[in-house]
Amino acid sequence: MSVTLDLSRASAPKAPAKINLSGLTRPALARALVEGEVCAPDKGRMRAEQLWRWMHHRGVTDFDHMTNVAKDTRALLSDRFTVSRPEVAERQVSADGTRKWLIRYAPGIEAETVYIPDVGRAGALCVSSQVGCTLNCTFCHTGTQALVRNLTAAEIVAQVQVARDDLEEWPSDREDRRLSNVVFMGMGEPLYNLDGVADAMDIISDNEGLALSRRRITVSTSGVVPELKALGERTGAMLAISLHATNDALRDELVPINRRYPLKELMNAIRAYPGLSNARRVTFEYVMLKGVNDSPAEARALIQLIRGIPAKINLIPFNPWPGSPYECSDWGTIEAFAAIVNKAGYASPIRTPRGRDILAACGQLRSESEKMRASERRALSAS
Ligand code: SAH
Ligand code: SF4
């Protein structure tokens with residue numbers, strides 16, 4: 001009698017994942033190289049500097065392209081580490097030039113990144129800080145997504161690298177670069193992942209690498225009050241606040257984190273944000289919801305609320321998504337609202353919706369990750 005073993009169902013023994021060097025901060029990179037016995041402890045910093053230029057200035061994704069690294073060292077490196085990119089599961093380009101990538105970090109762990117041309121100095125990349133979001137703002141598509149985990153610094157940096165690849169913007173110091181700004185306005189609440197965001201900012205703002213100035217990096221938060229000071233001190237990021245309402249009753253409904261950190265506390269924390277000045281103003285984001293928060297009285301209440309704060313107000317026409325419970329305010333209403341705010345001396349640009357046709361506009365991002373079955377999720381987190 002013979003026995004046939006059905007090997008197709010047996011899971012292959014798992015090799016330990018190699019550390020991706022292109023997502024480490026400089027000190028962590030030096031440590032990894034020493035611990036991986038690629039170089040002696042006293043050579044760690046120098047070797048890290050050499051690799052840094054290749055990864056973040058040149059954008060290489062293969063050790064073999066690092067031509068000033070000895071061949072046997074390259075072999076050692078690729079034996080222990082990687083510098084590859086995560087998989088781009090989907091790429092979409094909007095009629096208006098906006099590009100959106102769905103990045104798959106691992107099975108079921110996906111996040112979206114959006115490049116918007118002609119924003120900031122040249123163009124802005126909207127990056128995600130989490131897969132999904134634990135908060136449930138009622139107008140936001142991401143908030144309806146169940147599966148949530150923080151993205152690592154490496155996974156955040158990879159979003160910038162993927163965009164640079166696609167825009168063909170290596171080396172990093174090109175004069176004509178189209179990616180000049182970064183906004184943490186994709187999926188997730190960045191202040192629930194401050195460690196990841198701060199490390200990612202250290203990497204992408206490094207002058208010998210991706211060289212995106214911290215003044216061109218904006219972190220948007222729904223108002224995680226206890227983390228605001230640390231954000232300013234650790235990152236020097238420009239601050240954006242998702243305000244959307246001028247009284248607690250309405251904000252409790254639209255942005256439920258307001259129940260924990262009401263407007264008074266939020267405004268006090270914003271006034272104390274490190275480095276706030278006329279040259280470094282806070283941006284208040286205000287989504288225009290028809291008949292909900294868009295009256296002239298609310299425009300006046302907004303001015304009262306932010307009095308004395310160096311600020312500008314971004315009016316965001318509501319972007320609908322499948323099943324969304326709101327409508328966007330009429331154009332005339334938005335203009336009237338903007339005029340009142342403007343008259344009080346605040347810049348109040350109306351943000352033209354970009355990439356709506358590919359669901360890439362503010363609040364439309366949502367990966368399919370949550371469609372994973374609960375059993376698959378358990379298996380993943382156990383592995
Ligand atoms: N979690 C952070 C950053 C991501 S959301 C935050 O809430 O600030 C980025 C911006 O898009 C926020 O200002 C958010 O309020 C806004 N937004 C969410 N859903 C939207 C929608 N459907 N239409 C327009 N803007 C939306
Ligand atoms: Fe989360 Fe921001 Fe969406 Fe609110 S608006 S659910 S905080 S991503």
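Mentor: Let us start with H244. H244 sits in the loop between β11 and α7 (248-254). Keep in mind that this is a predicted model.

Trainee: Why is H244 called buried?

Mentor: Its relative accessibility is 4%. Buried means under 20%. The value of 4% falls under that cut-off, so H244 counts as buried.

Trainee: What makes the phi of H244 worth a remark?

Mentor: Phi of H244 is near 65°. That is a positive value in a residue other than glycine. Most residues other than glycine have a negative phi.

Trainee: Which other loop residue has a positive phi without being a glycine?

Mentor: E168 is one, with a phi of about 55°. E168 lies in the loop between α4 and β9.

Trainee: On to ligand 1. Which residues come nearest to ligand 1?

Mentor: The shell has 22 residues, and F139, G188, S220, S242 and H244 come nearest.

Trainee: What makes the pair between S220 and ligand 1 a polar contact?

Mentor: A polar side-chain atom of S220 lies 2.6 Å from an oxygen atom of ligand 1. The limit for a pair of N or O atoms is within 3.5 Å. The distance of 2.6 Å is within that limit, so the pair counts.

Trainee: Which backbone atoms lie 2.9 Å from a nitrogen atom of ligand 1?

Mentor: A polar backbone atom of F139 does, at 2.9 Å. A backbone N or O atom of N319 is also 2.9 Å from a nitrogen atom of ligand 1.

Trainee: How much of ligand 1 does the protein bury?

Mentor: Taken alone, ligand 1 exposes 530 Å². The protein buries 96% of that.

Trainee: Which elements give two or more residues to the shell around ligand 1?

Mentor: They are β10 (217-221), β12 (282-288) and β13 (311-317). The shell residues divide into 11 nonpolar, 9 polar and 2 charged.

Trainee: What surrounds ligand 2?

Mentor: C133, L135, C137, C140, G143, G188 and S222 surround ligand 2. That shell divides into 4 nonpolar, 3 polar and no charged.

Trainee: Now the rings. How many aromatic pairs does the structure hold?

Mentor: The structure holds 2 aromatic pairs. One of them joins F318 and Y326, with ring centres 6.1 Å apart and planes at 80°.

Trainee: Why is the pair of F318 and Y326 called edge-to-face?

Mentor: Take two steps. Rings pair if their centres lie within 6.5 Å, and 6.1 Å passes. Planes over 60 degrees apart count as edge-to-face, so 80° settles the label.

Trainee: How do you know that F318 and Y326 are buried?

Mentor: F318 has a relative accessible area of 2%. Y326 has 15% relative accessibility. Both values fall under 20%, so both residues count as buried.

Trainee: What makes A237 buried, and where is A237 found?

Mentor: A237 is in the loop between α6 (228-235) and β11 (238-242). Its relative accessibility is 0%, which is under 20%, so A237 is buried. Leaving out residues up to four places away in sequence, A237 touches M201, R214, I217, V219, Y273 and R280.

Trainee: One last residue. Why does S329 count as buried?

Mentor: S329 has 5% relative accessibility. S329 is found in the loop between β13 and α10 (331-343).

Trainee: What makes the pair of S329 and K290 a polar contact?

Mentor: A polar atom of the S329 side chain lies 3.4 Å from the backbone nitrogen of K290. The limit is within 3.5 Å, so 3.4 Å qualifies.

Terms used
Residues numbered from 1 in each chain as written. Chains lettered and ligands numbered in written order. Predicted model: local features only at pLDDT ≥ 70, side-chain atom pairs only at ≥ 80, totals over all residues. Heavy atoms only, no water. Near = heavy atom within 4 Å. Polar contact = N/O pair within 3.5 Å; in protein donor to acceptor, adjacent residues only side chain to side chain. Areas by Shrake-Rupley, 256 points an atom, 1.4 Å probe, with all protein chains shown as cover. Helix = DSSP H or I, 4+ residues; strand = E, 2+ residues; numbered from the N terminus. Nonpolar A, V, L, I, M, F, W, Y, C, P; charged D, E, K, R; others polar. Buried < 20%, exposed > 50% of the residue type's maximum accessible area, 1.4 Å probe, protein only. Contact = heavy atoms within 4.5 Å. Phe/Tyr/Trp six-rings, centres within 6.5 Å; stacked < 30°, edge-to-face > 60°.
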